[in-house]
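Hello,

Here is the structure you asked about. Please open it next to this message and follow the notes below.

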Amino acid sequence: MDTILFLAHTEADGSLCRAALESLGAARALAAALPDSRLIAGLVGADVRTAADGIAGCGAARFLGVSGAPFAQSRYCTDVEAAAAIGRASGATLVIAPATSRWNRALAGAAHRLGGRIDAHATAISAADGSPAVTRWYYRQRLEAVVCRRIRPWFILLDPGCAQPWAGLPGTATIEPVDASPAAASRTTVIGVRSPSADLQTIRPDAKLLFVAGAGWTKTQPDGNAHGREAEELILDFLRSTQASLGSTKSLVDLTGEGQPVLGFMTHMNQVGQTGSTPRHAKGLATCCHGEEPHTVGWRFVTERRAVNLNPNCGWAQGKADVLYVADAFAVMREVNALLHARLEAPKPAS
Ligand SMILES: Cc1cc2nc3c(=O)[nH]c(=O)nc-3n(C[C@H](O)[C@H](O)[C@H](O)COP(=O)(O)OP(=O)(O)OC[C@H]3O[C@@H](n4cnc5c(N)ncnc54)[C@H](O)[C@@H]3O)c2cc1C
């Protein structure tokens with residue numbers, strides 16, 4: 001009989017993030033598919049009451065919680081203690097957790113402490129023939145494999161955007177407190193968090209839209225000049241209005257990395273493609289971008305794809321985009337930004 005542990009940490013407000021609810025949805029589906037299995041919820045945070053009550057109706061047989069101030073923040077030594085303690089207390093054979101940056105850092109250590117194994121970047125969890133299996137991609141998202149393991153506990157980090165989030169009625173959960181040694185906290189003191197300001201934070205995994213900028217933004221335009229400054233303004237203006245996430249081609253971030261005065265807000269973290277990331281936004285808009293890698297690899301999980309390019313024979317035209325606008329991206333984005341401003345500034349209808 002499998003014991004399936006859904007393991008999550010709370011957010012600053014005590015709630016669970018969307019990726020955690022997706023993992024809960026996957027854990028429930030797995031429990032339903034595995035005969036005689038049971039589902040347990042394990043939560044870590046300063047106070048896990050809000051989170052536990054929020055998922056009280058998820059069908060978990062037990063709610064285990066590690067709580068207290070040391071567990072409020074992401075810190076390897078306390079997170080690994082908490083996850084291992086809940087793993088032990090639950091007797092879990094399978095641990096399903098969201099691939100948040102916090103869990104990505106800590107859960108390999110917890111799996112090791114429990115003598116188990118871990119697989120990261122899972123995109124699906126199934127139980128076709130009565131035993132659990134994990135789907136994940138290899139070789140920069142070119143090969144898809146289904147992985148089974150005999151060793152338990154088996155920790156599985158599920159990538160965000162791959163499962164339906166659990167949505168059910170809240171209630172009042174009976175939480176069983178689990179002791180995890182907060183003494184480990186004294187080894188590392190968190191003195192603060194440094195992150196870019198909201199305007200500079202351009203990578204937004206939860207955004208509906210991915211906006212990809214290519215090297216064309218920095219190239220000489222039909223008037224004989226490059227317009228890097230205007231490109232920056234147009235892109236940032238669009239991101240501010242839409243809160244879209246910003247992706248880039250390799251050519252463009254390589255230029256930026258060479259210190260050229262173009263698109264200074266781009267870093268290699270923005271790059272999508274074979275040697276970049278493969279985000280999972282519902283919609284994508286590529287501008288001034290020709291390259292094969294960003295299209296075939298970087299965009300393979302983007303559901304609806306559109307592109308703006310001056311060249312009707314660009315890589316996008318070869319069947320990679322749902323819609324290709326053969327147009328000047330400067331002119332298009334100027335117009336799009338004006339329409340967005342008009343919409344944002346329009347008076348709201350009285351309710
Ligand atoms: C091993 C390997 C791994 C790689 N990995 C990646 C990767 O992960 N990600 C990645 O992106 N690349 C990757 N590349 C590079 C990739 O092959 C391409 O060279 C790169 O993506 C091209 O970038 P681009 O489309 O921005 O630039 P370009 O190929 O220079 O295209 C610029 C485009 O902008 C258009 N344009 C110019 N001005 C305008 C305008 N005013 N309006 C509209 N369109 C305009 C042009 O028509 C052109 O199509 C990799 C290459 C190798 C060899």
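Leu-64 has Glu-176 in strand E9 as its bridge partner. This is a predicted model. Strand E3, residues 62-67, pairs with E9 in the parallel sense, over three bridges.

Both strands belong to an open sheet of nine strands, in the order E7-E6-E5-E8-E4-E1-E2-E3-E9, and the pairing is mixed. The edges are taken by strand E7 (143-147) and strand E9 (175-177); each has a single partner strand, so one side of each is left without a neighbour in the sheet. From one strand to the next, the twist averages 35°.

Helix H1, residues 18-33, packs on this sheet. The strands that H1 touches are E1 (3-9), E2 (38-45), E4 (94-98), E5 (117-126) and E8 (154-158). The direction of H1 makes about 155° with that of E4.

How is the protein chain divided? Domain 1 covers 3-187 and domain 2 covers 209-345. The C-alpha centres of domain 1 and domain 2 are 36 Å apart.

Now the ligand. It is surrounded by 30 residues, and the closest are Gly-214, Gly-216, Gly-273, His-290 and Gly-291. At least two residues of the shell come from each of helix H6 (250-257), helix H7 (292-298), strand E13 (304-309) and helix H8 (329-345). Which element gives the most to the shell around the ligand? H7 does, with four residues. Sorted by class, the shell has 10 nonpolar, 15 polar and five charged residues.

Regards

Technical notes:
Residues are numbered from 1 along each chain as its sequence is written. This is a predicted model: local features need pLDDT of at least 70, side-chain atom pairs count only at pLDDT 80 or more; totals for chains, interfaces and linings use all residues. A residue is near a molecule or strand if its C-beta atom, placed from the backbone, lies within 6 Å of it. Ala, Val, Leu, Ile, Met, Phe, Trp, Tyr, Cys and Pro count as nonpolar, Asp, Glu, Lys and Arg as charged, and the others, Gly among them, as polar. Domain bounds come from an automatic or database domain assignment. Two strands pair if DSSP finds at least two bridges between them. Axes are lines fitted to C-alpha atoms, for helices over the stretch in contact, and angles run from 0 to 180 degrees between N-to-C directions. Two residues are in contact if their C-beta atoms, placed from the backbone, lie within 7 Å.
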